[in-house]
Amino acid sequence: MNAVISEKDGAVTGESLRSGNTSSKILIIIPAYNEEHSISRVIDDVKTHCPSAHILVINDGSKDRTKEVAEANGASVITLPTNLGIGGAMQTGYRYAYRYGYDVAVQVDGDGQHKAEQLHLILSPVLSGKADLAIGSRFIEQTGFQSSATRRIGIKILSTIVSAMTRKKVLDVTSGFRAANKRAISVFQSDYATDYPEVDSIVLVNRSGLRTSEVAVTMEARTGGTSSINAMRSVYYMIKVTLALFIRSLKQTKPVEVQS
């Protein structure tokens with residue numbers, strides 16, 4: 001269903017995606033863990049607003065019927081034998097995108113928080129060549145679901161650290177609603193943090209000489225599944241991610257190799 005619009009013109013709109021008018025090969029990666037109650041709505045939402053995209057669900061060791069429900073709704077499914085967490089699930093998706101030559105890989109979480117009607121907002125900077133990684137941010141306009149007060153404090157701290165490291169202000173460093181082009185896919189398929197990779201990947205992209213763009217979106221509260229971060233793990237999360245960021249800053253980064 002690839003068609004006629006030249007994204008270099010910047011003409012990426014919700015209507016162009018809904019009509020299938022894109023010349024780019026787009027992969028929607030949906031990491032899912034025990035999300036049988038929300039996954040069908042997420043898949044249907046993507047089909048409605050970006051019908052030309054290929055939908056790949058990474059069934060991250062779910063113990064419910066996530067795999068069966070996703071397949072019944074027409075998605076391709078890769079089932080991991082055990083739960084690897086969001087990092088392992090997403091790197092699986094990026095390796096799939098790299099192997100099969102997708103132009104863009106988009107992360108849409110399986111819990112219903114991300115709105116497919118806003119896919120064009122994160123795709124536009126990438127398809128127009130203005131960014132290698134585009135991040136959907138809850139905090140630019142501060143509308144929609146904003147997460148808990150405790151998490152917002154943690155995100156603010158991590159945002160300050162990441163912004164200092166990259167010398168570029170990034171507000172929603174934990175957002176999983178993001179689009180990556182071939183250059184970013186090439187980086188992520190070979191190097192992606194196992195735990196809580198969203199924050200680390202922003203620093204990785206910066207150190208790889210790639211460009212990040214943050215665009216305003218609204219999100220919903222999750223409609224299914226279970227969050228991987230609870231109150232008991234918040235302090236552990238902050239310490240671990242902060243240490244990982246400083247370790248990342250000390251690593252040498254290999255030049256990006258892009259498939260032709």
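Me: Which residues of S4 are on one side, and which on the other?
Reply: Val104 and Val106 are on one side, Ala105 and Gln107 on the other. All are buried, and both faces of S4 are covered. Buried means under 20% relative accessible area, exposed means over 50%, and partly exposed is in between (1.4 Å probe, protein chains only).

Me: What kind of model is this, and how is it numbered?
Reply: This is a predicted model, with residues numbered from 1 along each chain as its sequence is written. Local features need pLDDT of at least 70 and side-chain atom pairs count only at pLDDT 80 or more, while totals for chains, interfaces and linings use all residues; side-chain values use heavy atoms, with hydrogens and water left out.

Me: How many helices and strands in the chain?
Reply: Nine helices and seven strands. They are DSSP runs numbered from the N terminus: helices are H or I with at least four residues, strands are E with at least two.

Me: What is the strand order in the sheet?
Reply: S3-S2-S1-S4-S6-S5-S7. The sheet is open, and the pairing is mixed. Two strands pair if DSSP finds at least two bridges between them.

Me: Which strands stand at the edges?
Reply: Strand S3 (76-80) and strand S7 (212-216). Each has a single partner strand, so one side of each has no neighbour in the sheet. On average, neighbouring strands are turned by 20 degrees against each other, direction ignored. The axes behind that angle are lines fitted to C-alpha atoms, for helices over the stretch in contact; in general angles run from 0 to 180 degrees between N-to-C directions.

Me: Back to S4. How do S4 and S6 run, parallel or antiparallel?
Reply: Antiparallel, with four bridges joining S4 (residues 104-107) to S6 (residues 178-181). Glutamine 107 has arginine 178 as its bridge partner in S6.

Me: And S1 to S4, parallel or antiparallel?
Reply: Parallel, again through four bridges. Isoleucine 29 stands opposite glutamine 107 in S4.

Me: New topic. How many aromatic pairs?
Reply: Five. Rings of Phe, Tyr and Trp (its six-membered ring) pair if their centres lie within 6.5 Å; planes under 30 degrees apart count as stacked, over 60 as edge-to-face and the rest as tilted. One of the pairs is tyrosine 94 with tyrosine 192, edge-to-face at 5.4 Å centre to centre and 70 degrees between the planes.

Me: Where do tyrosine 94 and tyrosine 192 lie?
Reply: Tyrosine 94 is in helix H4 (residues 85-99). Tyrosine 192 is in the loop between helix H7 (182-190) and helix H8 (197-207). They are 98 residues apart, so the pair links distant parts of the chain. Tyrosine 94 is buried at 0% relative accessible area, and tyrosine 192 is buried at 8%.

Me: What about tyrosine 96 and tyrosine 102?
Reply: Their ring centres are 6.3 Å apart and their planes at 25 degrees, so the pair is stacked. Both are buried. Lysine 25 lies over the face of tyrosine 102, 4.7 Å from the ring centre. For a charge over a ring, NZ of Lys or CZ of Arg must be within 6 Å of the ring centre and within 35 degrees of the ring normal.

Me: Which residues touch the most other members of the largest nonpolar core?
Reply: Tyr94, Leu158, Val173, Phe188, Val199 and Leu245, out of 38 residues. A nonpolar core is a set of buried Ala, Val, Leu, Ile, Met, Phe, Trp, Tyr and Cys residues joined through side-chain atoms within 4.5 Å. Another core, of 32 residues, lies apart from it, with Ile30 and Ile122 among its members.

Me: What does phenylalanine 188 contact?
Reply: Beyond its neighbours within four places in sequence, its contacts include Gln91, Tyr94, Leu133 and Ala180. Contact means heavy atoms within 4.5 Å. Ring pairs also link Phe188 with Tyr94 and Tyr192 into a cluster.

Me: Is histidine 49 buried or exposed?
Reply: Buried, at 15%. Histidine 49 lies in helix H2 (residues 39-49). Among its contacts beyond four places in sequence are Gly14, Leu17 and Glu117.

Me: Last one. Where is serine 62?
Reply: In the loop between S2 and helix H3 (66-72). Serine 62 counts as buried at 15% relative accessibility. Not counting residues up to four places away, serine 62 touches Ala32, Tyr33 and Asn34.
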